[in-house]
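Student: Could you take one part of this model and go over it closely for me, then work outwards? I'd like the cut-offs as you go.

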Amino acid sequence: MDALTLFGLFAVSFMLLCYMMEERAPFWTLLFALGCLMGSAYGFLQGAWPFGLVELAWFVVALRKWVALRRSAVRDSEPLA
């Protein structure tokens, strides 16, 4: 197994782990987004640009979800006036 294949295996396994843990804390959603970015890099590096583009789109979706979760957490922690 070459280094690129190992990187791809790590990226996809990392994404799966983070996806399974997402409901525990917003931090896992951010890590999932980073995993998607790694998956995108793997796709482009190995020449599967459609896979790279889709993973890049998932990175954006997950990052937006993380931002929304953080805003919600901050809003929920503010004292009532």
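Tutor: Let's start with Glu22, which counts as buried at 12% relative accessibility (buried is under 20% relative accessible area, exposed over 50%, partly exposed in between, with a 1.4 Å probe and protein chains only). Bear in mind that this is a predicted model, where local features need pLDDT of at least 70, side-chain atom pairs count only at pLDDT 80 or more, and totals for chains, interfaces and linings use all residues. Residues are numbered from 1 along each chain as its sequence is written, and side-chain values use heavy atoms, with hydrogens and water left out.

Glu22 has a charged partner: Lys65 forms a salt bridge with Glu22, and their closest N and O atoms are 3.7 Å apart (the cut-off is a side-chain nitrogen of Lys or Arg within 4 Å of a carboxyl oxygen of Asp or Glu). Glu22 sits in the loop between helix 1 and helix 2 while Lys65 lies in helix 3, so the pair ties together parts that are 43 residues apart in sequence (helices are DSSP runs of H or I with at least four residues, numbered from the N terminus). Lys65 is partly exposed, at 41% relative accessible area. The structure holds one salt bridge, so you've now seen it.

Now for helix 1. It takes in residues 3-21, and its 19 residues should span 27 Å at 1.5 Å a residue; the end C-alpha atoms are 27 Å apart, which agrees (the expected span is 1.5 Å times one less than the number of residues). Its buried residues are Gly8, Ala11, Phe14, Met15, Cys18 and Met21. They cover an arc of only 165° around the axis, which puts them on the same side of helix 1 (the arc uses directions from the helix axis to the C-beta atoms). Leu16 and Met20 are exposed on the other side. The buried set packs against helix 2 and helix 3.

Helix 2 gets a similar check: its 20 residues should span 28 Å at 1.5 Å a residue, its end C-alpha atoms are 29 Å apart, and that agrees. Among its buried residues are Leu31, Phe32, Cys36, Tyr42 and Gly43, and the buried residues of helix 2 pack against helix 1 and helix 3. Gly43 has a relative accessible area of 0%. Setting aside neighbours within four places in sequence, Gly43 is in contact with Ala48, Trp49, Phe51 and Gly52 (contact means heavy atoms within 4.5 Å). Helix 2 is followed by Gly47, with a positive phi near 95°.

Over in helix 3 there's Glu55, buried at 9% relative accessibility. Not counting residues up to four places away in sequence, Glu55 touches Met15, Cys36, Gly39 and Ser40. From Glu55 to Ala33 is 22 residues in sequence and 9.3 Å in space, C-alpha to C-alpha.

Last stop, the surface: Leu34, Leu37, Phe44, Trp49, Leu53 and Leu56 make a nonpolar patch of about 550 Å² (its members have over 30% relative accessible area and no salt bridge, with nonpolar side chains joined within 5 Å). Helix 2 (26-45) and helix 3 (49-77) each supply at least two of the patch residues. Leu53 belongs to helix 3 and is partly exposed, at 43% relative accessible area.

How values were computed
Patch = residues over 30% accessible without salt bridge, like charges linked within 9 Å, V, L, I, M, F, W, Y side chains within 5 Å. Areas by Shrake-Rupley, 256 points an atom, 1.4 Å probe, with all protein chains shown as cover.
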